[in-house]
Amino acid sequence: MHTNMNTVWIIDDDRSIRWVLEKALDREGIGHLSFSSALDALAELERAPQPPAVLLSDIRMPGESGLDLLAKVRTRHPQLPVIIMTAYSDLDSAVAAFQGGAFEYLPKPFDVDQAVALVRRALEQGAHHNGAAEETPLAPEILGQAPAMQEVFRAIGRLAHSHATVLINGESGSGKELVARALHRHSPRRDAPFIAINTAAIPRDLLESELFGHERGAFTGAATQRRGRFEQADGGTLFLDEIGDMPAELQTRLLRVLSDGHFYRVGGQQPIRANVRVIAATHQDLEERVHRGLFREDLFHRLNVIRLRLPPLRERHEDIPLLVRHFLQRSAQDLGVERKRISDAAIEYLQSQPFPGNVRQLENLCHWLTVMAPAQVVEVADLPPEMRDQPGRETPTSWLEGLGTETDRLIAATPGKVFERLTHEFERTLIRRALAATGGRRIEAAHLLGIGRNTITRKIQELGMDEERGADGGDTPH
């Protein structure tokens, strides 16, 4: 069969599997070409005037393996979707396939309908990539019609051919990592790794090793050599989130890497070249931190080549309906249930809320609604109690009046313990609300409140909040 853009190439040394797949694709009217080895497929790839639309390859074959084939195809045709077939027990191969850039893997023994559905998905993606590339939206996973978001999209477009360092300013939960990923995906480094690290989430004594790696025996517990994030991101992009919290000594090391392009592993003697584009992000005012002597001025200027400001959700309320529909759809797909709809009144109510946790708080809310809302259409009454009872709508003095009343009551009921009890309740309320806004992420909750991560951990323990739902969440990346 003549090769063309709609052709699926099947590579498997097992003739019966090739036959089954050929018959299934024939029934669907999908063109195909079969090969019994990776070498035959690569030879045809050299000769063919056009690459196939999809490759479907076994992993274990005589001669070159499916992973070897995948690596070579990714070099020549990075957008070509490759589906890797592998035995169920072969988890390591499946992981390696994904790390190598496979579109998907198909576990054997497979259901023929499942295989065809996977091929169709890959064909759609291939058509998407091979179509008018300029017309595809720049960052489809970042949604927004608000003027401030359109400005972010334009900036991503303008930076598409750049290797420049970018500094993203935005509150916790506003989507800084999504913007960093979009900058990477639309850059000349798109086919190399994107590595993200939240510098505030890693204890300072481990951060240097995390960033730069270490040699065996460099410190107690360093049993083997370890490649750091800079090495993992070689040729690609390193995203440093919450850069404002980086300890002073590491700021110095980072500045050196950005200045001369070399670094040393912890305990290492050999300089290692860092071919990495750095995208940094912070929720803090770095100029103010420089002024206070908490952030190196020379490092700030190195990072602040291009600056993007990501607006908080309260500045883009017009995007809330769009975001809610998207997150309800995604939660329904994740949970395998029908998508919830939301009434106009509930949307209006949400648009009036401050959302201190920004887009991530809205996403957490939509997931909560998908699980907890009783009816298919979500009304205001179905929103979580803490959102319906927003104190922000009352007059500024109302909560102080309530505090005064409670103080009077406690002075009469438990003299000598009033200050301690009210202080604990005050702190507990603040921490509870901040954790609700961040989906249980303590470090981000600390940022929202303006306290240190050690402080929030200590307070949670002192106030006995460890057992509460939402106060036990670690800081896994979103």
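**Close-up 1. H447 in helix α19.** H447 lies in helix α19, which spans residues 442–449. The model shown here and in the other views is predicted. H447 has a relative accessible area of 15%. Buried means under 20%, so H447 counts as buried. Its side chain is joined to that of H283 by a polar contact of 3.4 Å. Beyond neighbours within four places in sequence, H447 is in contact with S172, A200, E242, D245 and H283.

**Close-up 2. The whole protein, for orientation.** The protein has 20 helices and 14 strands. It contains 478 residues, of which 46% count as buried. Consider the contacts with a sequence separation of 6 or more: 69% of them are between residues 24 or more positions apart.

Close-up 3. D12 sits in the loop between β1 (8–11) and α1 (15–27). Its relative accessible area is 0%, so D12 is buried. A polar atom of the D12 side chain lies 2.8 Å from the backbone nitrogen of D14. Which residues surround D12, leaving aside neighbours within four places in sequence? The contacts are I17, R18, F35, S36, D58, M61, M85 and K108.

**Close-up 4. Helix α8 against helix α10.** Helix α8 covers residues 204–212 and helix α10 covers residues 248–260. Their axes come within 10 Å and cross at roughly 15°. Angles under 35 degrees count as roughly parallel, so α8 is roughly parallel to α10. The crossing of α8 past α10 is left-handed. On the α8 side, the contact uses R204, L207, E208 and F212. On the α10 side, E249, L250, R253, L254 and V257 take part. By class, these residues of the α8 and α10 contact are five nonpolar, no polar and four charged.

Close-up 5. L207, S209, E210, L211 and F212 of α8 are buried. What covers them? The cover over the buried residues of α8 includes the strands β7 (194–198), β8 (237–241) and β9 (262–263). It also includes the helices α9 (229–232) and α10. G213 follows α8 and has a positive phi, near 80°.

**Close-up 6. Helix α13 against helix α15.** Helix α13 (residues 320–335) packs on helix α15 (residues 358–372) at an angle of about 50°. The two axes are 9 Å apart. At that angle α13 and α15 are therefore oblique to each other. α13 passes α15 in a right-handed crossing. From α13, the contact draws on I320, L323, V324, F327, L328, R330, S331, A332 and L335. From α15, it draws on V359, L362, E363, C366, H367, L369, T370 and V371. The contact of α13 with α15 has twelve nonpolar, three polar and two charged residues. Residues three or four places apart in an α-helix point the same way, because there are 3.6 residues a turn.

**Close-up 7. Positive phi at F355 and N358.** Most residues other than glycine have a negative phi. F355 has a positive phi, near 45°. F355 belongs to the loop between α14 (344–351) and α15. At 1% relative accessibility, F355 is buried. N358 has a positive phi too, near 60°. N358 is found in helix α15. Is N358 buried or exposed? With a relative accessible area of 0%, N358 is buried.

Close-up 8. P384 occupies the loop between β14 (377–378) and α16 (385–388). P384 is buried, with a relative accessible area of 6%. Leaving aside neighbours within four places in sequence, P384 is in contact with L365 and W368. P384 and L365 are 19 residues apart along the chain, and their C-alpha atoms are separated by 8.2 Å.

Terms used
Residues numbered from 1 in each chain as written. Predicted model: local features only at pLDDT ≥ 70, side-chain atom pairs only at ≥ 80, totals over all residues. Heavy atoms only, no water. Helix = DSSP H or I, 4+ residues; strand = E, 2+ residues; numbered from the N terminus. Buried < 20%, exposed > 50% of the residue type's maximum accessible area, 1.4 Å probe, protein only. Polar contact = N/O pair within 3.5 Å; in protein donor to acceptor, adjacent residues only side chain to side chain. Contact = heavy atoms within 4.5 Å. Axes fitted to C-alpha atoms, helices over the stretch in contact; angles between N-to-C directions. Parallel < 35°, antiparallel > 145°, perpendicular 65-115°, else oblique. Left-handed = near helix turned anticlockwise from the far one by under 90°. Nonpolar A, V, L, I, M, F, W, Y, C, P; charged D, E, K, R; others polar.
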